[in-house]
Amino acid sequence: MLTHEPLRRFSGTRKDHDRAVRTVCQECTVGCGLLAYVKDERIVDIQGDEAHPVSRGRLCAKGMAFIQGVTHPDRITLPATRNGLQGPFEAVDNWEKGLDLLAERLRKTKDRHGPESLVVGCDPEAGLDFFLGALRFARLWGTPHVYHPLGEPKDLMPPVDLIDPWAPCSSWLESQCIFLVEADLATTHPVAFGWVLDAQQRGARVFAVDARFTTTLSKADMAVVIRPESGNLLGLVLMKMLIEEGFCTQESVKNRFLEPDAWLTSFNEMSLDNVEQKIGLAAEDILPMVRFLAGNKSLTLVTGKRLAFFPFHGIWSTMARAMGWADNTGGGWYPLESGWPRLNTTGDIAGADDKFPAVKKTGLAPYQFTTDWVAAAREMEPKALICTGNCLNDFFSPFQPRVNEMDLITYFGSYPNLTRKLAHMVFPAAVWAERDGLCFTNDRTIQWGNRIVWPSDACRSGLGLWIRLAQRFGWEEYFPWKKENGLADHTAFYNWVLDQFPETSGCRVEQLQETSQPVCWPVQNKAQPPPKITPIHAPPDTEPTIGSEEEDRFPLRFQATRIISRTSDVVYWWPWTRELMAENAVQIHPEIAQVLGIENGEDILVSGAVQTMEGSAWISRMVPRWMVWSPRKFGERRVVVHKKRQTSQEAFDILKAFLP
Amino acid sequence: MSQEQQKKDENRKNVLLVDSSRCIGCFSCEVACKLEHDLPAGPRMFKVIQIGPVENGDDLLMNFMAVTCLHCDRPACVLACPTGAMQKRADGIVFSDPELCIGCRTCAVACPFGSHSSIPQQARLPNAMAAWPGWNKASGLRAPSSAPRAP
């Protein structure tokens, strides 16, 4: 008889090392604990921290492969400048000289075009300190234009009164059902998905809906494909049906909501016309979903980041309360990428004489290629850009065709990417392994990430950049977080940051530095029962999607989402993960490939109204017939795919006859 | 080795079992293997492959499989090896002796799972396990680095 025992997990390393550093992986927002082993100031091994309550010693590919980026020979190590965008860069001896030049050029641009001509792009790669520093510097400068892919800290986080009791992913073990909406957790946060699998093994049923048959859907007990970005509308319809089928009692609603009758009426009156067109599901397809959800006492709703950028996002919190799920362990709403508190990092500046008049916030987050963002970016007239990561090829790509109109493009980064190619000035940035920093996680916890190794002399942290730049404009008092040796004091800075929000103010960095146990916020747990809330009401009608001329000409919907081995362009400098999946893959449905005569692996073109992208065909049923998917972002939402020797019109004619 | 120990080893043969029902194709095992053994990009000692989605009635099915040396009970590579480099130890471990290997790749052809891979920098062909310095050390068997670290 064959018996087996699982391999025992082991801790420690077999590699020779001088010291071990306990820290937090900052490649995503799960916040896995890791131990880095260092020999002669080089990282020789990475192991998961077995004592960490979220990651339990597990790490994903990104959490190990990042070390290849730290020591990559192409790292930018010197500040550099040039006059035009064509010539070679000239190295600047040191940061101080470089910053003098930057300050002078920024000042000139401000004199000529006003303060709002400065636009700052904050890629997560540059760190939380860069983003928070940028918000502060921009406030003093007088520009509202600071953009981060996760939006302002307040954009993704539900209002404080809607925050459910703290329920980390480990509490999913108590869930009877986990419902994932447009959240491909298995791909974007694989270590957190381990808890979904564990819960499933303990009897929880997993239900996933998304626009593609993702890995998460493949592991679910019930998987449904919907139209992209229609998740919140599906939430409204589910809520209506849960009420109509009698699964949501009036009594429970009365205890939790202000004006419960008006709320119930709004759902009773909600029209289901146009819903099928918008979600891609008929009412009779949704009914089994309702029955799947109803009857669970503890149900966790996991929603993807992009849903936060669409109307009615609060329906998930409303549903979790109306159904009573939020009252039980293993139940409630878990919005991804929403673990940042609503930090106010400029409140103290508002009171400073009238020296810094308030600027109008656009309130718009650069969620990739929503028509809103592309339109807003087209209307803006930036003359000076401060870029991080590869943002000109990402959320700042609407500015890419206009780089020649800019007076100054500054790149603060670590690698020679496209953004650097389009810059006038370059400043070398430390990567997260080279700086101390605070991490907010999906679980709504606060952790401290210790620096593993020192960066090379010329690389600085984001806070270091802003402190020095502010100095040149006489704003030292607003950036006081400096050590005696002139370097940025991240401990003092983040202590100040934590104090800026009542829900985190009880927490000190020193306390976090001593432990590998994350601290959850709100730090002070309020024992009283949650107050009644104003729930999200249903809209009377759902407006039909009116087919635009663009949609007629480009019959396929394009979607780009993250792949498991890639967080951002930085992966280009990690050979271990780069080889795992083709970055130029373009997923098309087998039936579409067949009618167009496209073979698997063939070089093809994806064309939209303005842009065309080359790619390699990956024929797969992961995409529905009407969708084209790629890990690479691309400024088009409606496209047609075609062979290289075929025009987009020829492909369109074939598809028109084929698609309904 | 005492007779008793040998008998004990034979009763406790090591094979590698991967629970594919939990595999999400995250490639952590591939990268962990490379980190542990200082391997370059290129050869994939562990290779995660995606199977599907395939249609199953109205549903779709998709699975992932981590392909690596399974330390088969009757290893085809050991039977095929012309020089005797590929061997199977009493405790079940399949390995290649780099002193005997001539790099003919017969083992790679023989493997029914396609798990043999080579490191281009080296002239001779180590199988997935021969590339693993820990295997042949008398000091004891190390667990495969990848398995306990995957999410």
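In the predicted model, helix α2 of chain A, which covers residues 95-113, comprises 19 residues and reaches 26 Å from its first C-alpha to its last, close to the 27 Å expected at 1.5 Å a residue. At the start of α2(A), a side-chain oxygen of A:N94 comes to within 3.1 Å of the backbone nitrogen of A:E96, while the residue that follows the helix, A:G114, has a positive phi, near 85 degrees. The buried residues of α2(A) are A:W95, A:G98, A:L99, A:L102, A:A103, A:R105, A:L106 and A:T109.

Helix α1 of chain A, spanning residues 62-70, is mostly covered, with 9 of its 9 residues buried; among them are A:K62, A:M64, A:F66 and A:Q68. In chain A, the buried residues of α1(A) pack against strands β2 (33-39) and β3 (42-48) and against helices α5 (185-188), α6 (190-201) and α21 (575-578), and they also pack against α2 (28-37) of chain B.

A further packing arrangement involves helices α8 (residues 231-244) and α12 (residues 283-293) of chain A, whose axes lie 10 Å apart at an angle of about 70 degrees. Since angles of 65 to 115 degrees count as roughly perpendicular, α8(A) and α12(A) are therefore roughly perpendicular to each other. On the α8(A) side the contact is formed by A:L234, A:V237, A:L238, A:M241 and A:L242, which meet A:A283, A:I286, A:L287, A:M289, A:V290 and A:L293 in α12(A). Classed by residue type, this contact between α8(A) and α12(A) contains 11 nonpolar residues, with no polar and no charged residues.

Technical notes:
Residues numbered from 1 in each chain as written. Chains lettered and ligands numbered in written order. Predicted model: local features only at pLDDT ≥ 70, side-chain atom pairs only at ≥ 80, totals over all residues. Heavy atoms only, no water. Buried < 20%, exposed > 50% of the residue type's maximum accessible area, 1.4 Å probe, protein only. Helix = DSSP H or I, 4+ residues; strand = E, 2+ residues; numbered from the N terminus. Contact = heavy atoms within 4.5 Å. Axes fitted to C-alpha atoms, helices over the stretch in contact; angles between N-to-C directions. Parallel < 35°, antiparallel > 145°, perpendicular 65-115°, else oblique. Nonpolar A, V, L, I, M, F, W, Y, C, P; charged D, E, K, R; others polar. Expected span 1.5 Å × (residues − 1). Polar contact = N/O pair within 3.5 Å; in protein donor to acceptor, adjacent residues only side chain to side chain.
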